[in-house]
Amino acid sequence: MRKTMPKTAKKPTRSKLVKKLDVIFSQFIRLKYSDKYGMTKCFTCDKRDHYKSMQCGHFMSRKHYSTRWDENNVRVQCPGCNVFQYGKQYEFGLKLGQQLAEEMYIKSKQIIKFTNDELVEKINHYSSEVKRMT
Ligand SMILES: [Zn+2]
């Protein structure tokens, strides 16, 4: 009897939705903290730059879906802090303040699975917010 490879379940739609939401959410966050010239500053080192050169930094890592798109958990960061210093989580937490940092820490431990519809809803929401601000 011929053996066939088991078919693996593909979920291209979902991973595409997550990617799309990450992109639009990042743009929203950077615009939210920008002035009318598009200038913003890094949450953890105060470096000023145009929002297009900055990144969306997470306090609790993006691997926690419950806080991945929580506006309280993210701020503008420069690539130096976000990438090369791994988000400077300690300083990030100090700047958020103990109460919010703790809240985000606890929330990040909750297991949340957003449905595709919920992801689409978030994409639509942040797309219109971005449109409003640009
Ligand atoms: Zn920085």
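Predicted model: local features only at pLDDT ≥ 70, side-chain atom pairs only at ≥ 80, totals over all residues.
A residue counts as partly exposed when its relative accessible area lies between the buried range, under 20%, and the exposed range, over 50%. With that cut-off in hand, Arg62 is partly exposed, because its relative accessible area is 42%.

Side chains of opposite charge can pair when their charged atoms come close. A search of the whole structure finds 8 salt bridges. In one of them, the side chains of Asp22 and Arg62 meet, with a distance of 3.3 Å from N to O. Asp22 belongs to helix α1 (residues 12–32), while Arg62 sits in the loop between β3 (55–58) and α2 (65–68), so the pair ties together parts that are 40 residues apart in sequence.

A second salt bridge joins the side chains of Arg48 and Asp35, at 3.9 Å from N to O. This pair links distant parts of the chain, 13 residues apart: Arg48 is in strand β2 (residues 48–50), and Asp35 is in the loop between α1 and β1 (39–41). Asp35 has a relative accessibility of 34% and therefore counts as partly exposed.

A further salt bridge brings together the side chains of Lys107 and Asp70, 2.5 Å apart from N to O. Here too the pair links distant parts of the chain, with Lys107 in helix α5 (residues 98–108) and Asp70 in the loop between α2 and β4 (74–77), 37 residues apart. Lys107 is partly exposed at 27% relative accessibility, and Asp70 is buried at 11%.

Helix α5 deserves a look of its own. Its buried residues are Leu100, Ala101, Met104 and Ser108. Viewed down the axis of α5, these buried residues fall within an arc of 100 degrees, so they line one face of the helix. They pack against α2, β4 and α4 (89–96). On the other side of α5, the exposed residues are Gln98, Gln99 and Ile106.

His64 is found in the loop between β3 and α2, and it counts as buried because its relative accessibility is 17%. The side chain of His64 reaches the backbone oxygen of Ser108 at 3.3 Å. Leaving aside neighbours within four places in sequence, His64 is in contact with Ser108 and Lys109.

Finally, there is the metal site. The protein donors of the zinc ion are the SG atoms of Cys42, Cys45, Cys78 and Cys81, which lie 2.3 to 2.4 Å from the ion. Along the chain, these donors follow the spacing C-x2-C-x32-C-x2-C. The angles among the 4 donor atoms run from 107 to 115 degrees, and the site is tetrahedral. Among the cysteines, Cys78 is buried, with a relative accessible area of 4%, and Cys81 is likewise buried, at 2% relative accessibility.

Definitions and conventions
Residues numbered from 1 in each chain as written. Heavy atoms only, no water. Salt bridge = Lys/Arg side-chain N within 4 Å of Asp/Glu carboxyl O. Helix = DSSP H or I, 4+ residues; strand = E, 2+ residues; numbered from the N terminus. Buried < 20%, exposed > 50% of the residue type's maximum accessible area, 1.4 Å probe, protein only. Arc of directions from axis to C-beta. Contact = heavy atoms within 4.5 Å. Donors = N, O, S within 2.8 Å, 3.2 Å for Na, K, Ca; no water. Tetrahedral: all angles 85-135°; square planar, octahedral: opposite > 155°, others 65-115°. Polar contact = N/O pair within 3.5 Å; in protein donor to acceptor, adjacent residues only side chain to side chain.
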